[in-house]
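Thanks for asking for a second pair of eyes on this one. My notes are below as numbered points, ready to read beside the structure.

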Amino acid sequence: MPKNLSGLLVGLSIILFFVCLTLTAFRTSSNNDYPAWFVFVFFGPISLFLLYPTWLANVFLLLSWTEHSHNLSKCLTYSLVALILALSFLLYKKVPITDTGSETFSVASGYWVWILSIALQVLAAAINLTYSSNGTQ
């Protein structure tokens, strides 16, 4: 049963990740909405050069998904790093989104669905690691 639950949570995590890409990730002070797919494709990689490491959460989430059936401790570590990086976005007051500089922003539903996607992966990894350590399937 725990193995089935873990697999279900991974599946939901992946589905929610793709759902979040269809939603607004954040809204700037000038009332511009930025869909998550735009942030993922364009803003994310550029933000690394501007010392905004939040986008790396996607890389660690992908690594966690790929390690889910192979290395359970790596899977949990990667998913926890992804969650911490994703939540770090809340620490910023402004985002460098325009050519004129940074703007203040507020997170939107796409961000929260992204967080939920990562949190479900953390839970799946923890369940998988716990039950495999106990020898329970």
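1. Buried residues make up 43% of the 137 residues in the chain; buried means under 20% relative accessible area, exposed over 50% and partly exposed in between, with a 1.4 Å probe and protein chains only. Please keep in mind that this is a predicted model, in which local features need pLDDT of at least 70 and side-chain atom pairs count only at pLDDT 80 or more, while totals for chains, interfaces and linings use all residues. Residues are numbered from 1 along each chain as its sequence is written, and side-chain values use heavy atoms, with hydrogens and water left out.

2. On the overall layout, the chain has five helices and four strands, in the order α-β-β-α-α-α-β-β-α along the sequence. These are DSSP runs numbered from the N terminus (helices: H or I, at least four residues; strands: E, at least two). Of the contacts with a separation of 6 or more, 68% are between residues 24 or more positions apart; contact means heavy atoms within 4.5 Å.

3. Now the surface. The accessible surface of the chain is about 7,400 Å², and 69% of that belongs to carbon and sulfur atoms; the areas come from the Shrake-Rupley method with a 1.4 Å probe, and for residues only the protein chains shown count as cover.

4. Leu8 lies in helix H1 and is exposed, with a relative accessible area of 51%. Ile15 is found in helix H1 (residues 2-20) too, and counts as exposed at 52% relative accessibility. The C-alpha atom of Ile15 is 7.9 Å from that of Ser117, although 102 residues separate the two along the chain.

5. The structure holds nine aromatic pairs. Rings of Phe, Tyr and Trp (its six-membered ring) pair if their centres lie within 6.5 Å; planes under 30 degrees apart count as stacked, over 60 as edge-to-face and the rest as tilted. Phe26 and Phe89 form a tilted pair, with ring centres 5.8 Å apart and planes at 50°. This pair links distant parts of the chain: Phe26 is in strand E1 (residues 24-28) and Phe89 in the loop between helix H4 (72-87) and strand E3 (94-98), 63 residues apart. Phe26 is buried at 1% relative accessible area, and Phe89 is buried at 7%.

6. Phe89 also pairs with Tyr111, again tilted, at 5.7 Å centre to centre and 40° between the planes. Because Phe89 lies in the loop between H4 and E3 and Tyr111 in helix H5 (residues 109-133), the pair ties together parts 22 residues apart in sequence. Tyr111 is buried, with a relative accessible area of 4%. Beyond its neighbours within four places in sequence, Tyr111 is in contact with Thr24, Ala25, Ala86, Leu87, Phe89 and Leu90. Phe26, Phe89 and Tyr111 belong to one aromatic cluster that also includes Phe105, Trp112 and Trp114.

7. What is the nearest side chain of opposite charge to Glu67? That is Lys74, 4.9 Å away, and Glu67 is buried yet has no salt bridge; such a bridge takes a side-chain nitrogen of Lys or Arg within 4 Å of a carboxyl oxygen of Asp or Glu. Glu67 is found in helix H3 (residues 56-67).

Technical notes. Lys, Arg positive; Asp, Glu negative; His and termini not counted.
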